[in-house]
2 protein chains.
Amino acid sequence: MEIVRDIPKLKETVKKVRAEGKSIGLVPTMGYLHEGHLSLLQAARSENDFLVMSIFVNPIQFGAGEDYEEYPRDLERDRELSLSDGCDLIFYPEVRDMYPEGYSTFVEVEGLTETLCGASRPGHFRGVTTVVLKLFNLVSPHRAYFGQKDAQQALVLKKMVEDLNVDVDLIIKPTVREPDCLAMSSRNKYLTPEQRKEAPLIYRGLEEARKLFREGERDAEQLKLKVKEIISGSEEALIDYVEIVETRGLQPVKEVRQECLLAAAVKFGSTRLIDNVMLEV
Amino acid sequence: MEIVRDIPKLKETVKKVRAEGKSIGLVPTMGYLHEGHLSLLQAARSENDFLVMSIFVNPIQFGAGEDYEEYPRDLERDRELSLSDGCDLIFYPEVRDMYPEGYSTFVEVEGLTETLCGASRPGHFRGVTTVVLKLFNLVSPHRAYFGQKDAQQALVLKKMVEDLNVDVDLIIKPTVREPDCLAMSSRNKYLTPEQRKEAPLIYRGLEEARKLFREGERDAEQLKLKVKEIISGSEEALIDYVEIVETRGLQPVKEVRQECLLAAAVKFGSTRLIDNVMLEV
């Protein structure tokens, strides 16, 4: 397994792999791996000849006052964790090589990026689509893997790939959870013991609402109220949003009559966690 | 030579060509070919194994009130003209396949697109970069060919390719001119006989200013005045802009102390023509 920082060297390696007729799988990450990432690596390993993981804390997807500086970084730990999944290459670029002075090109998916996390984090998805397209162009993967925890990100990237005719298969894998069902996230590390104890209320709320939905409740307001009621059981939780949107355009619905995403973002202190469940009709 | 409208069929053909280890050249056009296009085709023919020309009048690069509807179209004529240059495939997609309902992804190069034609035609370059990136993803060319007449377009595309790490060589070919030095353009066809007679004043103005520059004049205002003075010799010409910008960021300069572009856009009635010369220090 090789760690490559240099862009020309990455391109050369990838070109050679492609010329040998091998398939390439890409798992883009911001590092500080957890079992969610490892499940992506395992899937990618089993489906491709050559496995690339990128580790890049992408500055342009963080807003002012967000946690870009504090975001946890530990290459040695990531290297060891990914070894067991048979990663062939870790691409670990420097910010100045990804965004040299005068960098000025951005990819924007309109519509889908204006609700949910896009409303709370203006510019976030523009940063995500831009860096992911750059990674696709650099690695030219046959398949790329993302987690369902970032449901909006997955839908936005699928839309970008479709609209821009990018030749890659996006594969979305289920959210991996802690034993108490908190969704795995590199940001869980920020939580105080008290916050950590309360954070599973997010998923419990989503699950309770999904239960109501399965029992026949179709009114979005009622379903969202149930989520909020349960999360309010936490002293420290501050709800950013609880929303129900259809899965094509991510627009809020009043009644759940088509496949919808029930998604929540909740702050514990300065730590912002997200989670979601699907409501399938 | 094959005309392909269908996107899946194009991708299949291109994939086969690539698998054979052949190099692919792409000449993106809006059709209604003139000798400028033919010079691009000839260059692409001599440098690549497989030559694709696209013909697509791209709606999203036209603003409201511009000439999208009227833009000249003549596939049969284009087919015959390109035959002599040994084109292997004409990609001639339909608007509804390039921009299906709900299309919402755009590529934007900031900074470079705010001056010159970008100021007069808001959204124009966003449409250009978006369609060209789509064509690159669909055709996966090794080399793509554009004309220097659209100098800003060439620089914007170079910036996009560099910033987004697109794996293609952009090749910019000199402007081809009529015997009286009017730059070749599909839009020349719109000109009345009187306008056609006066249109070469654009280039004459640019050339006279360049002569002044070569004689030592460095003041941008003086050089632009010379261009305007000469173009004003036409009764019908209405100057949109005459500008001198440096060639990295396309920002206006007061003194020409580095490589600059002297560019003009002039309207004859509703026909807008552009042209440019380089000022090399």
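## Briefing: a two-chain predicted model

Strand β10 (residues 271-279) of chain B is mostly covered, with seven of its nine residues buried. Buried here means that 20 or more other C-beta atoms lie within 10 Å of the residue's own; exposed means 12 or fewer, and partly exposed falls in between, with C-beta atoms placed from the backbone. This is a predicted model: local features need pLDDT of at least 70, side-chain atom pairs count only at pLDDT 80 or more, and totals for chains, interfaces and linings use all residues. Residues are numbered from 1 along each chain as its sequence is written, while chains are lettered from A and ligands numbered from 1 in the order in which they are written.

**The hairpin in chain B**

- β10(B) pairs with strand β9 (residues 260-268) of chain B in the antiparallel sense, over nine bridges.
- Strands (E, at least two residues) and helices (H or I, at least four) are DSSP runs, numbered from the N terminus.
- Two strands pair if DSSP finds at least two bridges between them.
- B:Cys260 has B:Leu279 in β10(B) as its bridge partner.
- Two residues separate β9(B) and β10(B) in this hairpin, and B:Gly269 in the turn has a positive phi of about 60°.

**The parallel sheet in chain A**

- Six strands of chain A make an open sheet with parallel pairing, in the order β1-β4-β3-β2-β6-β7.
- β1 (2-4) and β7 (169-173) of chain A are the edge strands, and each pairs on one side only.
- On average, neighbouring strands of this sheet are turned by 25° against each other, direction ignored.
- Strand β3 (residues 50-55) and strand β4 (residues 89-91) of chain A run parallel and are joined by three bridges.
- A:Met53 stands opposite A:Ile90 in β4(A).

**Helix α3 on the sheet**

- Helix α3 (residues 75-83) of chain A lies across β1, β3 and β4 of chain A and runs at about 160° to β3(A).
- Axes are lines fitted to C-alpha atoms, for helices over the stretch in contact; angles run from 0 to 180 degrees between N-to-C directions.

**The nonpolar core**

- The largest nonpolar core has 144 residues, of which A:Leu262 and B:Leu262 touch the most other members.
- Such a core is a set of buried Ala, Val, Leu, Ile, Met, Phe, Trp, Tyr and Cys residues joined through C-beta atoms within 7 Å.
- Among the residues that A:Leu262 touches are A:Leu206, A:Ile244 and A:Val277.

**Chain A against chain B**

- 21 residues of chain A are in contact with 21 residues of chain B.
- Contact means that the C-beta atoms of two residues, placed from the backbone, lie within 7 Å.
- β5(A) gives the most to the side of chain A that touches chain B, with five residues.

Terms used:
Lists of a residue's contacts leave out its neighbours within four places in sequence.
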